[in-house]
Each structure stands twice: as C-alpha cells, then as structure tokens.
Amino acid sequence: MPISPSSSAQVAREVVAHRLRDLRKSAGLTVTELADLCGWHHAKTSRIENARTAPTATDIRLWCRACDAVDQVDGLIGQSLHAESMYTEWRTQVRAGLKALQGSEPRLFQDTQMFRVYSSSLVPGLLQTEGYAAGILGMSARFRGLAVDDSEAAARARVDRSQVIHEPGHRFVFVVEEAALHYQVCDAEAMAAQLGYVLTAGALPQVSLGIIPTSVSTREQWPRETFHLYDDRLVSVELVSARVRITQASEIALYLRAFEQLRKTAVYGADARALILRAIEALH
C-alpha cells in the first residue's frame, strides 16, 4: 500500500510500526541484528519501522520471534490488517470481480442507521437503477482492464444491496450536485429511467434528497469528492486509485461539517423535483 492520503490510515499504520520498533529496542537489537534474525535486508526493517512498508503476517511473526515476544503476534497482525483496510487500492478490491465488490461489506449497511451521502458527479449508488449502474461499472471494468467484465451482474447486485433503503431502522440524507443529473453515463433511455427513479425515491419518508443547483449564487463549499458517512463512525471516500476509510474522530467531524454546509446549499421538495425534471427534459 502506498502512503495514504488519509491521516487516519497513516496513523493506524504508524501505530503498528512504532510497536514493532519498541519491541526491537526492548530486545536490545539493532536494525541490522533484527534483519539478520528475520532473514531479510536491514533496509526492510527501516521501511517497516518508518511505516513506509506494511508488514505481512509472516513478517510480524518473524519479528516477534526475534524479539522473544510471540505473545504479541495476534494483536499486531490484527492491528496491521485494520490499518491496511483503511486504504485499499481498487486493483486489489476488484480482483474477485465487480460483482463480489458489491457485497464485500454486508454488515456495514445493515448496522448503519443514518446514511449521509454527498455526490458531485454521479447519482448515489443507493439510488442507482440497474441500467445506470451497468453503465458506470462497465466504464470501471474497461478503465481497469479487467479480464472479465461482470458489470451487468455487478449492477444487479448493487440494486439488490440498495434495497436497504426500504428496510425499517434506516434514514438517508442525499446531497447531489445538479451537474451529476446531466452526466450521461449510459444511454438516454437508461438515464431517463434513472432520473425517474430518483424522483420516486426522493419522495420516500425515510429519504431526504437535496440538489445543489449549478446556478446557486453563494456557497460555503465548492464541489467536493464524493463521500459517504455511516452514522458518525466512518467516512468512505472514493478516489481514482483507491478507497479511503476514515475513522479518526477529528477527520469525521470535518466531513460532517462539510456535509452540513453542502446540505444547506441544496434545494428540496418541489424545487429539487424541478431540477430533476429539467434534466429529464434535456435528454430529448
């Protein structure tokens, strides 16, 4: 994993690195001595201790054995896996296909009571129809050069996962830039069906749908990267190369503040529906 742009992910990695360094020092070993005991070059020890390289489970076992601290193995492996899960490159996530990715975190959706989603470029995944999702996922498959394009199956899986929007015990707040309604990522018929569904879903009692007009005269936030807030405990940010999971309270607070400012800029109800209808009319 490269250095993460999220301090949450990097801090988690550094915690593991510092624990490993402390074990080495407590054992009275130099960087070179530990490397010799583990059977690798001393530069690898430095990279791990400086959080430049993530240790594998085998690396941690060898390290702890060299430091006579085998009782620390399980805890350190668990911490390391957690740190790496915070920043995951898409090329790693899509190895099993796009369909498998849709169901990779089944408990996250079920356990979340309040979903907050801001999107500047697309209709949010929880509101996507199968045709629209297939268009987006097909682009992703081509861009990433996947050996097998399972975007159609992935689109069906995404729609199935989105049924959470109809289950009791959840609330949804969507804030979407108006421009996202006009980006034609699928054919006109599928786009019309997608926008029609947005109209329907936006009227559900458990859903708040806000659209930020492109013509808005004043705004406190410029269009940001798409992000998802799961209650007040997790932010997921989608980048071109990776997905970043943010769990640090101070960072989550920043995203919550940005979301509230964006939410207040949006229009709702009849005004939001008018913008969606305008996007439908623009297809003809």
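Predicted model: local features only at pLDDT ≥ 70, side-chain atom pairs only at ≥ 80, totals over all residues.
Me: Which residues of α12 are buried?
Reply: The buried residues in α12 are E251, I252, Y255, A258, F259, Q261, L262 and T265.

Me: Changing topic: how many salt bridges does a search of the whole structure find?
Reply: The search finds eight salt bridges. One of them joins D232 and R116, with 3.2 Å between the closest N and O atoms.

Me: Where do D232 and R116 lie?
Reply: D232 is in the loop between β5 (227-230) and β6 (234-238), whereas R116 belongs to strand β2 (residues 114-119). The pair therefore ties together parts that are 116 residues apart in sequence.

Me: And R116, is that buried or exposed?
Reply: R116 counts as buried because its relative accessibility is 15%, and the cut-off for buried is under 20%.

Me: What about E177, which residue does its side chain meet in a salt bridge?
Reply: The side chain of E177 meets that of R219, at 2.6 Å from N to O.

Me: How accessible are E177 and R219?
Reply: E177 is buried, at a relative accessible area of 5%. R219 counts as partly exposed, with 29% relative accessibility.

Me: Which residue forms a salt bridge with R233?
Reply: R233 and D231 form a salt bridge through their side chains, at 3.5 Å from N to O. R233 is partly exposed, having a relative accessible area of 38%, while D231 counts as buried at 16% relative accessibility.

Me: On to the surface: which residues gather in a patch of negative charge?
Reply: That surface patch is made up of E130, D149, E152 and D160.

Me: Where is D160 placed?
Reply: D160 is placed in helix α10, which comprises residues 151-161.

Me: Is D160 buried or exposed, then?
Reply: D160 is exposed, because its relative accessible area is 56% and the cut-off for exposed is over 50%.

How values were computed. Residues numbered from 1 in each chain as written. Heavy atoms only, no water. Salt bridge = Lys/Arg side-chain N within 4 Å of Asp/Glu carboxyl O. Helix = DSSP H or I, 4+ residues; strand = E, 2+ residues; numbered from the N terminus. Buried < 20%, exposed > 50% of the residue type's maximum accessible area, 1.4 Å probe, protein only. Patch = residues over 30% accessible without salt bridge, like charges linked within 9 Å, V, L, I, M, F, W, Y side chains within 5 Å. Areas by Shrake-Rupley, 256 points an atom, 1.4 Å probe, with all protein chains shown as cover. Lys, Arg positive; Asp, Glu negative; His and termini not counted. Charge placed at Lys NZ, Arg CZ, Asp CG, Glu CD.
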